[in-house]
Amino acid sequence: MSLTKAIRRVAVVGTGVIGASWVTHYLSRGFDVVATDPAPNAESDLRNFVDEAWVALDRVGRGPGASAARLRFVRNLDEALADADFVQENGPERADFKVKLFAQMDVAAPADSILASSSSGIPLDVIQSACTRPERCVIGHPFNPPHIVPLVEVVGGAKTSEAAIERALDFYASAGKKPIRLRKALPGHAANRLQAALYKEVLYLVQQGVLSIADADIAVCYGPGLRWGVIGPSLQWHLGGGEGGIRHFAEHLMDSLVDLMKALEMPDITPALKQTLIEGVLDEAAHRPVDQLAKEENEVLLGLLALRDKVGIEGSGHIDWSRAA
Ligand SMILES: NC(=O)c1ccc[n+]([C@@H]2O[C@H](COP(=O)([O-])OP(=O)(O)OC[C@H]3O[C@@H](n4cnc5c(N)ncnc54)[C@H](O)[C@@H]3O)[C@@H](O)[C@H]2O)c1
């Protein structure tokens, strides 16, 4: 199988929450996109989503050739995949369903195309199990919403070829995503595990009466979360180590962090704790509907991404001070 062909045409299978956002992302980066979904109002829902999201993307700029008019919607899966160079699958999160869907995609898509699943939790070993060309299947797990949040986690299954993984990583990077490679498949991939690790402690602190839900959110947003979002938790410790940097941190400061790690405990997820969470979050939301909160959050995220782009800072890179001026 040749996996060197340039990727120009993307097919998006399933246009629910994640699929519609992927469609928007690929259109905004100048790809021809064919989308398919059997739900009765899928096409109009998708076009409405793209139109609304399109305006917000003005903030970060779109790629050359970006046009919402490059979206084609077809109800038939075989037709949708007939000319695809890259397929992003976002169907319902059920193992039996994805196995059948991938077997059908495998027949319908050109032999040299990549088949990527957005699945959050079904192992690729399972998803690719009924494919005749399983070597071109990967997980390309986005963070919601993919038209705004750049991270995508790429992991293969036992039958995936190295070439397909590298091709997917290159493609996502060229399409404006921030792909990372997971060298082993684990439940929750990586980023959801990081979320779970932090959230375990949020719930513990709330249950112990140390913090309210709102104060726990403030602690993350206006404390370490603000810094993690700029250069990440490990490069951060290089600064924490002062002049000695990460070596000083590893040799002299890490022990106290390890003591804290050992002291961490699992919260007891009781109905009362869930009720505290619900009431605390509804107080914070202050009657703003979820879609309004999402719009407000997206607005700030796009502003942060635009700033990151303006100063030239990369996740693990450097500020270009001439651009920052
Ligand atoms: N929602 C998230 O935050 C999130 C984040 C990352 C990854 N994911 C993954 O993305 C995938 C989709 O999740 P979602 O939240 O968008 O679900 P969703 O229920 O919103 O969307 C699923 C879509 O698949 C469509 N569908 C059903 N049968 C189909 C078929 N035969 N062919 C094509 N489409 C079909 C449905 O009509 C629906 O529009 C899942 O695998 C999930 O694990 C979700």
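Ile139 in strand S6 is the bridge partner of Ser117. This is a predicted model, where local features need pLDDT of at least 70, side-chain atom pairs count only at pLDDT 80 or more, and totals for chains, interfaces and linings use all residues. Residues are numbered from 1 along each chain as its sequence is written, and side-chain values use heavy atoms, without hydrogens and water.

Start with S6 and its neighbours. Strand S5 (residues 114-117) runs parallel to S6, joined by 3 bridges. Strand S7 (residues 151-155) pairs with S6 in the antiparallel sense, over 4 bridges. Pairing here requires at least two bridges found by DSSP. Gly140 stands opposite Val154 in S7.

Buried means under 20% relative accessible area, with a 1.4 Å probe and protein chains only. In a regular strand, side chains alternate between the two faces of the sheet. Cys137, Ile139 and His141 point one way from S6; Val138, Gly140 and Pro142 point the other way.

Step back to the whole chain. It has 14 helices and 8 strands. These are DSSP runs numbered from the N terminus: helices are H or I with at least four residues, strands E with at least two. The radius of gyration is 22 Å, close to the 20 Å from the globule rule for 325 residues, so the chain is as compact as a globular protein of that length. The radius is taken over C-alpha atoms, and the rule is 2.2 Å times the number of residues to the power 0.38. Buried residues make up 37% of the 325.

Methods. Buried < 20%, exposed > 50% of the residue type's maximum accessible area, 1.4 Å probe, protein only.
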